[in-house]
Each structure stands twice: as C-alpha cells, then as structure tokens.
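Please keep the sequence and the model in view while reading.

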Amino acid sequence: MTLATGTGLKALLETETTVHVRPRYEGSNINTWIGFKHVNYMVEEAVLDHFRTAGLPSRALFEELGLGLDLVDLDTRILHAFHQDDVARAVVAPTTEEGDTRISLAVTLFVERDGKEVKAVTSKVKVSLRIDSYLPAEGLPAQLEPYAVPRLGGLIGHGGHHGSEVSALPATALSDGRGTTGADPVLEQLTAGANAFGWKWRIPYPYCHFNERLQLSGYLRQVEEVVDLFLADRGISIKTLLDDRKWIPVVPHSRVRLLDEALMEEDLYTVFTVEEVFKDFTYTARTDFYVVRDGRLVQTATGRITHGYAVFENRLDWSLVNFDERVLRALSGERPTG
C-alpha cells in the first residue's frame, strides 16, 4: 500500500477512534481474573488499531518507510478488574500538543458490569517512530519527521547511574536459564543500601521486535517476573500466599517508560525497589533496567507499580485486604531465615 502520510497523520492526531478488544487467555493466571500485563496488552492493541484506522498501520510504516512503531511510555490505572471473555470498548483520544516529539494518546477501556457500562481502565501512552538502522530506508515524509527518532529515549532524561563505570561478570551463560539473583558486582552496586532486589537476565529473541530491541511489552513481562522473584526471595511467594490464605496480588497502577534501548542477547539488570507502604494496604515499588556497554552502566527504562493483595471467597469475587505482620516484615526488607 502507499501511505497517505499527510491525511493519515491528521487523522492520527485529531480523530478519536473506538475498537472492541478482548483480554488474551494467557493473562488469566488465578481464577478467571486478568493480570495487569494483559490489561496493558489491550491498551497496546487499541493504540495499534488507532494507527491502523488513521491509515498508518505499523506494518506499512516499517515496510515502506523503515519506521518502527514503539510505545515508549505507558501509564495505566485499573479501576475495575477484567475477566476471561470480557469485551472492552476501547476509546483512543489524541493528546499530542504542538511541538511534541512523541505521539501522545489517552486510552480508556470500558466494560459492562450488571447491565451498565463502567470505566475500567485509563491509560496515557506515548509513541515514537524509530528510524530503522538495521535495514535503512530512504525518503522519510516530512510530515512524520517530528516524531521519527534515530534512537529511543534520546529526548528523555536518563537515570543517575547512566554512564557510571562498572566491573561486570562475563555474559549470562545459556545454562543459567532464568538468569541470576546471586553474587554479581553490578547487582551489588545497584542494590547497595536499598530495600531492593536485583536480577540479571539475558534478553531473548521473543521479547524483542524490529530485529534487535526489547519492546515495551517485554519490559512489562520483566516487571511481572521480577515481582514474582522478589516475593519468593522475601519468603512470601505468590503460591505461598495463595495456599496459606487465598491471597492474590493486584496491581491497580503500572507505568513503564523507555530511557534508551536494550538489545537482543544483552544482559539486562532489573532492580526492584520498594519505596513506600501506604496504610498497610498497598505499596509502591520502582523497577529500573540497565545494561552494561563498554564497561559503563546504561539505564534503558524505569517504571513503577502499586501493589496490593486481595482475598477470594469463591471463583468470582474478591476483596482487598490489609497486610499482616508477615507481609509487612517482608516488604520492609526482612528475608526468611533457616
């Protein structure tokens, strides 16, 4: 197809779109509830459909113009839980302002409850069009130039660790599987003096796109993984609390934003830091991501989640619960003994 970039960009930046989306079956891990990662996947699908409806689908942007569509900032609040087989009405509203270098969108997901439609999710999304350097193209349309970047994150401030020198161990061996949380000089440096948990992991091909770089959905998977490892490290693994008291983790707010690029088969250092506990009910935690290049530490992304617990009495309903002493001690930094 030949892209009509002028009219397409106008529609993209000025016209609201609506699409119906369903959560994927994979995201239903406990009873029939859908986790925050897959709620974000629905937001991503709505964004992709918005580009498609405007006549600028991600496939054509890449194949014809060498532009990779990258979500670089995703800030999502869940107001009502999704279940298997729910159908969400997703409304995407353009919010890009004059002079912006990223395309901004507000996404709202609605779902039917008790015969009425309720607002279930609100999300703020920013998109960059990454100029492909793996298979370079020619002839970038002038209309798209303001949103096309040679590298992701170049216009976003970097974290305090960016550029600091480090002494890294050899690259993660394939035999390490899920990676390491043990003795590692980079992890030790990143977690020193903090209520934090660190994990080193080799970035695999399935988490990447456009031939080389970790995509935002891959970071969402990382957040989910590091929470799982952190809770197990503190002696309150997800299955432990499920078996002991039928508690399930809930994440009403999540955000991930890219600061730089992480590449396939690099070692990604993920650091999960507990920041604050609110009234024994929820806690906030920051997740920071790094790679080591040429002996220097480079921060590639950062994010936050709000995390709590709910108890379920049956297969349909649940309610939020306060943290008990065991959970509070674990969140404060205590690790199990013996």
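On the face of helix α1 that is turned away from its buried side lie the exposed residues Thr-7 and Glu-14. The structure shown here is a predicted model. Helix α1 spans residues 5–14, and its buried residues include Thr-5, Gly-8, Leu-9 and Leu-12. Viewed down the axis of α1, the buried residues fall within an arc of 95°, so they line one face of the helix. In general, an α-helix has 3.6 residues a turn, so residues three or four places apart point the same way. The cover over the buried residues of α1 includes the helices α2 (36–53) and α3 (58–65) as well as the strands β5 (88–94) and β6 (103–113).

**Nonpolar cores**

The largest nonpolar core comprises 86 residues, and Phe-51, Leu-61 and Phe-82 have the most contacts inside it. Helix α5 (residues 216–233) gives the most to this core, namely nine residues. Leaving aside residues up to four places away in sequence, Phe-82 touches a set of residues that includes Trp-33, Ile-34, Met-42, Leu-109 and Val-121. Another core, of nine residues, lies apart from the largest one; among its members are Val-166, Leu-190, Tyr-269 and Leu-297.

**Aromatic rings**

The whole structure holds ten aromatic pairs. In one of them, Tyr-309 and Phe-323, the ring centres are 6.1 Å apart and the planes stand at 80°, so the pair is edge-to-face; the cut-off for that class is an angle over 60 degrees. Tyr-309 belongs to strand β15 (residues 296–312), whereas Phe-323 is in the loop between β16 (318–321) and α7 (325–332), so the pair ties together parts that are 14 residues apart in sequence. Tyr-309 is buried, with a relative accessible area of 2%, and Phe-323 also counts as buried, at 6% relative accessibility. Both rings belong to one aromatic cluster, which Trp-247 and Tyr-283 complete.

Two arginine residues lie over aromatic rings, as the table shows.

| Arginine | Ring | Distance from ring centre |
|---|---|---|
| Arg-221 | Tyr-207 | 3.7 Å |
| Arg-245 | Trp-247 | 4.8 Å |

**Glu-188**

Glu-188 is found in helix α4 (residues 185–191). At 48% relative accessibility, Glu-188 counts as partly exposed. Gly-198 is ten residues away from Glu-188 along the chain, and the C-alpha atoms of the two are separated by 8.0 Å.

Conventions. Residues are numbered from 1 along each chain as its sequence is written. This is a predicted model: local features need pLDDT of at least 70, side-chain atom pairs count only at pLDDT 80 or more; totals for chains, interfaces and linings use all residues. Side-chain values use heavy atoms; hydrogens and water are left out. Rings of Phe, Tyr and Trp (its six-membered ring) pair if their centres lie within 6.5 Å; planes under 30 degrees apart count as stacked, over 60 as edge-to-face and the rest as tilted. Helices (H or I, at least four residues) and strands (E, at least two) are DSSP runs, numbered from the N terminus. Buried means under 20% relative accessible area, exposed over 50%, partly exposed in between (1.4 Å probe, protein chains only). A charge sits over a ring if NZ of Lys or CZ of Arg is within 6 Å of the ring centre and within 35 degrees of the ring normal. The arc is that of the directions from the helix axis to the C-beta atoms. Contact means heavy atoms within 4.5 Å. A nonpolar core is a set of buried Ala, Val, Leu, Ile, Met, Phe, Trp, Tyr and Cys residues joined through side-chain atoms within 4.5 Å.
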